[in-house]
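Morning, everyone. Please look at the sequence and the model first.

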Amino acid sequence: ENEEEETVLDNDNSMIFLFCNYKIMKNLSLFSELLIDDFQIDETNRPDKMGFKIGLNGYIPLAKNKLSFYMDFSLLQASTYTHPGMYTEWDNLNYNLGSIFGEGSKNYFTQFVYHLTDYTKILLEFSHVDFESYEDKVTNYDNNNKSTFYDFSVIRKYSNSYFKIGKKNIDFPYGIKTGFYQLSSDEFYLSFVNNFYIGI
């Protein structure tokens with residue numbers, strides 16, 4: 001007879017996720033997300049583990065074209081995504097899943113994209129992040145004296161490829177955990193991405 005036993009390797013962990021989107025008008029939407037990883041009803045002396053996001057996105061006509069925008073505020077309590085056992089972080093290949101900044105973070109994010117033509121766009125992106133008392137992350141930020149990131153660039157699309165040239169102060173991709181954030185001084189950059197399809 002086989003019997004289940006609770007072990008330190010048991011990583012069962014349920015989460016509740018809620019999302020809502022309200023279209024205020026044709027070109028403006030309000031959205032919100034709620035994540036409940038752990039909510040303490042009884043006195044357990046354990047912290048709640050919850051996440052919350054609220055934001056706006058839409059577009060406005062500007063000089064015969066349109067300016068699209070996206071802005072949000074997100075809050076992720078400390079220890080969210082973590083669980084006792086062999087694997088305690090919710091990540092894949094050292095990248096945070098769910099929130100790019102990981103647990104214990106508070107982030108203000110704003111993005112503007114001006115559609116100059118069907119193939120050319122101007123991007124302006126800001127992100128400000130604060131962390132709770134996580135020494136490894138907080139120290140990394142204190143050493144660089146930076147918690148506000150930006151990317152200002154021009155994007156040009158050609159068929160299945162696009163070029164991006166601009167100025168930024170953070171190395172991409174966001175959210176990598178190993179060597180957290182590789183912050184850099186303001187620098188110009190050029191990137192090229194090509195999408196191709198192989199059928200078998």
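Glu125 sits in strand β8, residues 120–131; strands here are DSSP runs of E with at least two residues, and helices are runs of H or I with at least four, numbered from the N terminus. Before I go on, this is a predicted model, where local features need pLDDT of at least 70, side-chain atom pairs count only at pLDDT 80 or more, and totals for chains, interfaces and linings use all residues. Residues are numbered from 1 along each chain as its sequence is written, and side-chain values use heavy atoms, with hydrogens and water left out.

Glu125 is buried and has no salt bridge. Buried means under 20% relative accessible area, exposed over 50%, and partly exposed in between, with a 1.4 Å probe and protein chains only. A salt bridge is a side-chain nitrogen of Lys or Arg within 4 Å of a carboxyl oxygen of Asp or Glu. For charge, Lys and Arg count as positive and Asp and Glu as negative, while His and the chain ends are not counted. The nearest side chain of opposite charge to Glu125 is Lys164, 6.3 Å away.

What does the side chain of Glu125 make a polar contact with? With the side chain of Gln111, at 2.9 Å. A polar contact is a pair of N or O atoms within 3.5 Å; within protein, one must be able to donate a hydrogen and the other to accept it, and residues adjacent in sequence count only if both atoms are side-chain atoms.

Now the salt bridges. The whole structure has three. One joins Lys164 to Asp151, with the closest N and O atoms 3.1 Å apart. That pair links strand β10 (161–170) with strand β9 (148–158), across 13 residues of sequence. Lys164 is buried at 17% relative accessibility, and Asp151 is buried at 1%.

Another joins Lys168 to Glu187, also with its closest N and O atoms 3.1 Å apart. Here Lys168 is in β10 and Glu187 in β11 (183–194), 19 residues apart. Lys168 is buried at 6%, whereas Glu187 is partly exposed at 28%.

Lys53 and Asp72 form a salt bridge at 3.8 Å. Lys53 lies in β3 and Asp72 in β4, so the pair ties together parts 19 residues apart in sequence.

Last, the loop between β3 (49–62) and β4 (65–76), which holds Ala63. Phi of Ala63 is near 55 degrees, a positive value in a residue other than glycine. Lys64 is in that loop between β3 and β4, and its phi is positive too, about 70 degrees. Ala63 is exposed at 59%, and Lys64 is exposed at 88%.
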